[in-house]
2 protein chains.
Amino acid sequence: MDSKDDKAEGVVVLDVPQDHGVNFSTRREFGTKLKSGLRETFFPDDPFRQFKNEERRWRRVVKGVEYFVPIFEWLPNYSMRLFWSDLIAGLTITSLAIPQGISYAKLANLPPVIGLYSSFVPPLVYAIFGSSRHMAVGTIAAASLLIGQTIQTVADPVQEPTLFLHLVFTTTFVTGLFQASLGIFRLGILVDFFSHSTITGFMGGTAVILILQQLKGIFGMTHFSTKTNVVSVIKGIIDNRHEIRWETIVLGVIFVSFLQFTAHVRERKPKLFWVSAIAPMTTVVVAGVFTYLVKGQNHGIKIVGHLDKGINPLSIHYLNFDSKYLSAVLRAGIITGILSLAEGIAIGRSFAVTANTPHDGNKEMVAFGLMNLCGSFTSCYLTSGPFSKTAVNYNAGCKTPMTNVVQGVLMALTLLFLAPLFGHTPIVALSSIITSAMLGLIKYGVFVHLFKVDKFDFLICMAAFLGVIFLTMDQGLMISIALSLLRALLYVARPATCKLGKLDDSSGSYRDVDQYTPTTTYPGVLIIQLGSPIYFANAIYVKERIMRYVRSEKDSDGGVEQIILDFSGVTSIDMTGIEGLLETYRVLERNGIQMLIVNPRLEVMEKLVASNFVDKVGMDSFYLNLDDAVNATQYSLRSLKTNNNNINEDTTHQQLPDHHA
Amino acid sequence: MDSKDDKAEGVVVLDVPQDHGVNFSTRREFGTKLKSGLRETFFPDDPFRQFKNEERRWRRVVKGVEYFVPIFEWLPNYSMRLFWSDLIAGLTITSLAIPQGISYAKLANLPPVIGLYSSFVPPLVYAIFGSSRHMAVGTIAAASLLIGQTIQTVADPVQEPTLFLHLVFTTTFVTGLFQASLGIFRLGILVDFFSHSTITGFMGGTAVILILQQLKGIFGMTHFSTKTNVVSVIKGIIDNRHEIRWETIVLGVIFVSFLQFTAHVRERKPKLFWVSAIAPMTTVVVAGVFTYLVKGQNHGIKIVGHLDKGINPLSIHYLNFDSKYLSAVLRAGIITGILSLAEGIAIGRSFAVTANTPHDGNKEMVAFGLMNLCGSFTSCYLTSGPFSKTAVNYNAGCKTPMTNVVQGVLMALTLLFLAPLFGHTPIVALSSIITSAMLGLIKYGVFVHLFKVDKFDFLICMAAFLGVIFLTMDQGLMISIALSLLRALLYVARPATCKLGKLDDSSGSYRDVDQYTPTTTYPGVLIIQLGSPIYFANAIYVKERIMRYVRSEKDSDGGVEQIILDFSGVTSIDMTGIEGLLETYRVLERNGIQMLIVNPRLEVMEKLVASNFVDKVGMDSFYLNLDDAVNATQYSLRSLKTNNNNINEDTTHQQLPDHHA
């Protein structure tokens, strides 16, 4: 060490530049680094760009309001032509919203009318604050089931229906507050940790347990498992098999077949989207009329029951923050909140990409949050942007969030005048609608694709899928996310490295010798490309990996005299990483091997300088290009050096004996 | 999309190679990838290299035994010359082990003799299985306090001393089992997540609360706070201030000054290491004789009390796995186990690097585990490789683990013949020894260095330091580790990217424009270097970041027609990452911007091919070198292309209009 320190000091007094063109001096102030770090973490999309550069003050205010309340962006340019499109789309999604609202409310053990209420206020709120052009607001099956499952652990929906209802409103309030805060504090980063694989697996698993739950309605049973996992449900069906009615099964099979057929039609001919869009409503009407005519209740065909006329009553005074229930409410609120965000944002984004329309994740969070907050004050429960409804909306030709206004108004009219009619809907029709919708969410094709492309992604997906089916919904989700995080940590704990060789083509690039052959290698010189940050979780690994390269080189080629580390891919380094690197340097030095570092990036160089690493190793160990470093190691190539950047002769020196450790 | 698919299919029938030298075909079997992944995760140091290549079977067995039981490696070559060195070092560390053993046992609320027992059996076990040449086995202060604190939550050390003692043995058993399992299952990766910053902060914080605890002994108090945080301790002292004795304070100040002076001597003249090494023993002897002569007990000077003669009794039948205590035992065992491993391995490694001797983290874990397992059977509590003792051992010139044998034998002799004498040691002497040892563990210099080099590392360090002082030891540790993990996740959620430009030197490399100037840029062409893996946690970020580059380019230069993404630093990709990339490609395409990808690495290319990404984007979007890609984008440089790898003319095409979105 001491000798190296002397050397580093010596460098300063020499006239010959020893830095090989490497820039050691670009340093950023702490404030600059912090600001840039915070910006990259929380504002990667630079949200204020639209108005911060406006010079006139009032323009800035106007643009700011337009930014935060998107309705001001699109409404001024709204036209009748756009309205006709939106009206048709709005009619279509309302015809879907009525049966879905009633069905999903039943999943959450709520009175069916709550499902209808939830398609009135939230769509209006979303129309004001939402940034997506295609999102159709509504309740979602998975979250409905999850809320019901969680809240029924503290309040029985049959024994204490009022308490249960009030706790669900409170959950919705928590969800809204949580989602809006995520958006305001720019914490969209949390949603990033829900990978496609987790969502696909979770959705598939939820679809399976939802279909299992529908067997109650399709079999016409009264008693059923209160747990959702497949083992309990099958056991529950076998135990109560005497309740099974053939009449409802026949109806169920007919309805599911009809709905599946219309879905198939849509898939084959996207222009006939409306066939599948109005199919649920058709099912409800046909089933209701049929049951009424044949007096189905005498044949074991149950109906929804009484539905009150009238729009949403206020519910703000029902919010219940009793500490006895708070933990269940918080859990349900936060899990469903983040889940519905992850799904809703992913769906909104994918349609925005397809149609090249704007979409802003953080604004969506605020919009979702506000719509659930307002919902919790007006007898609604959790709403989001369900995939099926949004896809129908898109295919129906929606142009702006005005479709949600249409949906809200139509739903209000339905509530005011038609609600009692829907009380005659047979349960089996609703079960068939859910079953059919869920069949489309089990994406076998994606499972196979994941298996082919990435086994770990497949594992993450299957963990969610099987976890939801065999354990509970939140356990499945948690296991899958834990696996994703484990993978993220493994990525950084075991970063990929590779040995480089020079290609024989005219470019003379250095590439992975396992990927490209033939390549030129230089006897005694080992070139290693490091990837990803070097820091506490991988500092020891990186050292071990380098030593293993040295050993395997010795075994095959008989010795290493210089190691060139390509730092181009090292995006960051921390103190443990620097210590590890210094340790590597010392171990190599003791084995008579010189370590050269090529092209450290800005962030890395700053820290190497600040921590005195550069002084300890010597500036002359740093090179800007692999070629310069390789040339410096080659006696035979000395003539080349005159063409390069003033490489000091001193750096090719010291062919230390290779004394094996 | 469809048009792209056609294009990709078209490529196959063309005779002109369109791959620009990029290798699309190197694919590894799943088995190969899995094997290599597992090897990198669990066997990065290739531990079996020493014997797996041996051809003769018996040589392989011999080498295998030598590998797993390191004593067979060094004992056959052992000589009298080595023994003299080891004897002196062994004598020195034993003189340290006696007072430390007694003091630290008191920290854990254990009978003092347990501390002496713990320096007999464990060192002998370590001598057989340990791979480090310099490790001196003994009890450690932080873990002693932590065990005491945790176990006293379920068993009172004063009311139920026997139960307390048995639970501590059980904790030691759990620690041993846990450590050995980590080593056997090659889970050293867990220890990697304890960063230098965490350990430094935790050690410093522990030193502070340990010094606070010593005020009881130095002030000669009887009643004291049972909590360790600084507020409780100061409140406890103020409440019981009438118990403070000036006699012990005077003695304490003298002893601490003496010990600090000897430490100072060692720092200035490393050759005088023995002065500080025998200082604690000197303190004990002088203090004991003095107290005996002046009848100190009449002046409030408390002594250790009765110590039995005789070596360790068996304790295997005392292990208590009652479920009532199990959770506390498991918690204490696992936390102290991983903590003492992290410290012990880091210390062993740093001395191994300094002296260029072997050191194997996983073997150390097994050795530590076995020594604690054997310890728990023979009335010992947790042992590890404490820094102070190991440093003394190293400075005393130890050569092999034989020093631990010497320590064990000398301790056995002490237990057999001298134990009762040490019963006369005044508590204040022990408190002074701990205080003095702990003063050296608060590393102000490192704190300052961390603050200078890396603010986040400083934050992690301070979280541990302040957390331990103001909350509890485990909370401080957990907060710090959580921050480290958060940082690791942030690293991967927000990977560094930079804009590249061509340097004007002869090498023509492409470098970060913020780091190197002046650089050549090409109008309409944006070159971006991506770092780290692209996957679920950063897929959206990467897209946003690229779009921001495009926007800022438009603002300044008036348009982007091609984006070149340098993938050299992208070590891995997952499904969400591929989807995100495809989304980016489509958004860019819609904006009339062409996306070119340069040099994807092996792992990345495999997945891009398997997921059909290459088919969708077209093989002609991939380039091997930045230069080739840049040339392809430049009409004006068309003449250059004949010198390069058969670049198809088709690729420079499509100067799509830059219709602003």
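## Report on a two-chain model

B:Ser36 is exposed, as 12 other C-beta atoms lie within 10 Å of its own. The term follows a count of other C-beta atoms, placed from the backbone, within 10 Å of that of the residue: 20 or more make it buried, 12 or fewer exposed, and anything in between partly exposed. The structure is a predicted model, in which local features need pLDDT of at least 70 and side-chain atom pairs count only at pLDDT 80 or more, while totals for chains, interfaces and linings use all residues. Residues are numbered from 1 along each chain as its sequence is written, and chains are lettered from A and ligands numbered from 1 in the order in which they are written.

**Chain A as a whole**

Chain A has 661 residues, of which 52% are buried. Its secondary structure consists of 28 helices and seven strands. These elements are DSSP runs, numbered from the N terminus: helices are runs of H or I with at least four residues, and strands are runs of E with at least two. The C-alpha trace of chain A extends over about 100 × 65 × 55 Å along its principal axes.

Two domains are assigned in chain A: domain 1 (2-28 + 495-652) and domain 2 (79-303 + 313-488). Such bounds come from an automatic or database domain assignment. Between the C-alpha centres of domain 1 and domain 2 of chain A there are 56 Å.

Contacts in this report are pairs of residues whose C-beta atoms, placed from the backbone, lie within 7 Å. Of the contacts in chain A with a separation of 6 or more, 81% are between residues 24 or more positions apart.

**Strand E6 and its partners**

Strand E6 (residues 594-598) of chain A is mostly covered, with four of its five residues buried. Strand E5 (residues 562-569) of chain A runs parallel to E6(A), and five bridges join the two. Strands are taken to pair if DSSP finds at least two bridges between them. Within this pairing, A:Ile563 stands opposite A:Met595 in E6(A). Strand E7 (residues 622-623) of chain A is also parallel to E6(A) and is joined to it by two bridges. Here A:Val598 has A:Tyr623 in E7(A) as its bridge partner.

E5(A), helix H25 (residues 575-590) of chain A and E6(A) together make a right-handed β-α-β unit. The crossover is called right-handed because, with the strands pointing away from the viewer, the path from the first strand over the helix to the second runs clockwise.

**Selected residues**

| Residue | C-beta neighbours | Class |
|---|---|---|
| B:Leu441 | 20 inside 10 Å | buried |
| B:Asn109 | 22 inside 10 Å | buried |
| A:Leu38 | 11 inside 10 Å | exposed |

B:Leu441 belongs to the loop between helix H20 (427-439) and helix H21 (444-453) of chain B. Leaving aside residues up to four places away in sequence, B:Leu441 touches B:Met203, B:Gly204 and B:Ala207. The C-alpha atoms of B:Leu441 and B:Ala207 are 6.2 Å apart, although 234 residues separate the two in sequence.

Two asparagines have a positive phi. For A:Asn612, phi is about 65°, although the residue is not a glycine. A:Asn612 lies in the loop between helix H26 (602-610) and helix H27 (613-617) of chain A. B:Asn109, likewise a residue other than glycine, has a phi near 60°. B:Asn109 is part of the loop between helix H6 (80-107) and helix H7 (112-117) of chain B.

A:Leu38 lies in helix H2 (residues 30-42) of chain A. From A:Leu38 to A:His424, 386 residues apart along the chain, the C-alpha separation is 56 Å. B:Ser36 is found in helix H2 (residues 30-42) of chain B. B:Ser36 and B:Thr357 are 321 residues apart in sequence, and their C-alpha atoms are 28 Å apart in space.

**How the chains meet**

Chain A contributes 79 residues to the contact, and chain B contributes 79 residues. The side of chain A that touches chain B has 27 nonpolar, 25 polar and 27 charged residues. In this grouping Ala, Val, Leu, Ile, Met, Phe, Trp, Tyr, Cys and Pro are nonpolar, Asp, Glu, Lys and Arg are charged, and the others, Gly among them, are polar.

Notes. Contact = placed C-beta atoms within 7 Å.
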